[in-house]
Amino acid sequence: MVLHDEKMNRREAIERLLGGSVATLLIAGGLTACRQRKSSDALQANPVTQAALHIPCIACGDCMPCPYGVDIVGCFDVWNDAADNNELPDPKKAASPHYAALTRSFLADYHNRIPLLARAGHCINCHRCEPLCPQHIQIPVFLRQMEWVEQNAENRT
Amino acid sequence: MLRTVRRTIAIVLWLLSTLSLLGIFRVAWVGRIQLVPALLAINVGILVLLAIVTLVFGRVYCSVICPMGILQDLVGWLSRRVRPAANRYSHPLWGHLTRPLILIIGIWGFVEGIHWLPALLDPWSEYGRMVTQGLYPLWLWVRDLLSGLNGPLGTWFEHEDFHTASFQASVIAAVVALFVFLTAWIWGRTFCNSLCPVGWTLSWLSRCSLFTISFDASRCDYCGRCEARCKASCLDARKLHIDPSRCVSCFDCISACDKGAIHYRFRYTRPALSGKGQAHDESRRQFLATSALFLQLPFVSRAQDIIEEGWIDEGTYYRTEQLDAEHEKRVKVYNRKGQLVVERYKPVMPPSTGNIARYLSRCTSCHLCIVHCPTHILRPSTTEYGPEGLLVPTVNFTTGFCRPECNACADVCPTGAIQTFSLSRKQRDKMGVAVFNSLTCVTATDDVDCDACVRHCPHQAITMVVRGNHKVPKVSVNRCTGCGACEFYCPALPKAIHIEGLLS
């Protein structure tokens, strides 16, 4: 099917099929797992691995302003930039030699673009933004995920 | 030759200390080998080493190790480039009186607990404050510019949203810097010659050093070049005499003399041995008396059970009104919009500092820890510790919290005011304790569920208990280390959960 076409970005293919929802993440994650079983090298070679973590945010800004000051759109933008380039420092792969370089570039990008008090950690999980999102993104879940990656990266540096 | 060696070592050490005061490198030993920090840390090894170096080579400490001395040399060197030196540096007679007087004032301040007096007089700390208050903001600005670059260079620098300068500290540092630069430009090493108590103390040792600068009167034609070059204004070319209280063994006079009349020689040559041996003993006795004076000073025991505070016991909620009657709110933190962020009854000290008296007596406010704190929570204090504790670093959780995997401040502290601690000790040692105020909590003001403090506590010291419609935090005093994660992440304004220091 479409997914076997090497020229096509797998995320784009899935998004085209499903209209860009959270299901993207789940399906692509499942596909990655299948592929992972085939060959361990494929995980690093496969650009889909992290592109699948792309958050389907369209930067409409309906969720903003966050009552607790989180720059939701900016945070997702930083995350997507890193995920699209396969540059997210995955804490599960902290032992890999690339992790240190990835953490530095990710943290620098994140800290340069988002002010201290507008970063993902300041989400208090009030879920006020969720009904406002036209893409039905579970915003607090993704912000939590981003904070987890950031905290792990900071612990390493 | 000697001068080149001296200059090379001096420049290397000066660059190392300046760069570590800028936070670019972390070279802790540069601060530890300074005399006053070593005295305060009772670092016997370094003290013996400095004494041996001074007893062998003379007072090279001031021209090689002390960054303040090297700075004055650099300014003087620059001034001689700009305005060719015609006159020799002069030295007023009162300069001999001021240094012992200032030493006495410093020791008196140390004994009486007027912390800022010795801190003002220590050259290392003065230099530290000049760099951290003057150069460091500049470096941050440069770093900000660099962080905007694309490519690999940009990833090395991060934009940081904080400022470490405080008004009082900047004013004091600016006054000192202005004084040092101006006097060094006009009169050479004025600070060393007439103010610095450290150099004066060392000069008593250097009077009996093994090697010394000596004249060969038969070769000298009294041209006065050595006198014009002498940056410590200690040399009298007519009498061929060097004032030992000011000479820093910089060897400038040796390189200035083209007749070869000045040498750096072994002092105790055989014919003079009997006469000078007594002088040796006498000055050694003086040195012992001086060091005994330092050692006899009361060192405050650090063992103090900090938990036993009347108003902190496990499992109770703290209403700030209940405390109003007993305590005074000394610490007030405002954000940049001028809103009140937090009010503390007691200031928070950096980790592993023991009690307040010990901390204040050891710290000389060189602000090395402030620069090296990765979350930038250390700031120079203003009124937090009272008037005697001006400029001593205090903790302010507006830019982050004290990370459990970090001991940078203890690692760099040269005076031992922040004691070295292992990371496992950091899980237990207390800086303060979290106090919850239900009135400003967002569960009360905004009617939402919030778990920011629980989620971020690295020591699992907070549990949630049901109160009305929402869950509110309950702090376990035994587990809480006062790291400030809850305070930093608390969304309320003023903060509903904040850290109280454990001063007694």
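Reader: How many residues does the contact take from chain A and from chain B?

Author: First, the ground rules: this is a predicted model, where local features need pLDDT of at least 70, side-chain atom pairs count only at pLDDT 80 or more, and totals for chains, interfaces and linings use all residues. Residues are numbered from 1 along each chain as its sequence is written, with chains lettered from A and ligands numbered from 1 in the order in which they are written. Two residues are in contact if their C-beta atoms, placed from the backbone, lie within 7 Å. On that basis the contact takes 15 residues from chain A and 16 from chain B.

Reader: Which helix gives the most to the side of chain A that touches chain B?

Author: Helices here are DSSP runs (H or I, at least four residues), numbered from the N terminus. With 6 residues, the top contributor on that side of chain A is α6(A).

Reader: How do α5 and α6 of chain A pack, roughly parallel or roughly antiparallel?

Author: Helix α5 (residues 72–84) of chain A and helix α6 (residues 98–113) of chain A have axes 10 Å apart, at an angle of about 155 degrees. Axes are lines fitted to C-alpha atoms over the stretch in contact, and angles run from 0 to 180 degrees between N-to-C directions. Under 35 degrees counts as roughly parallel, over 145 as roughly antiparallel, 65 to 115 as roughly perpendicular and the rest as oblique. So α5(A) is, relative to α6(A), roughly antiparallel.

Reader: Which residues of α6(A) make that contact with α5(A)?

Author: From α5(A) come G74(A), V78(A), D81(A) and A82(A). Facing them, α6(A) puts in F106(A), D109(A), Y110(A) and R113(A).

How values were computed:
Helices (H or I, at least four residues) and strands (E, at least two) are DSSP runs, numbered from the N terminus.
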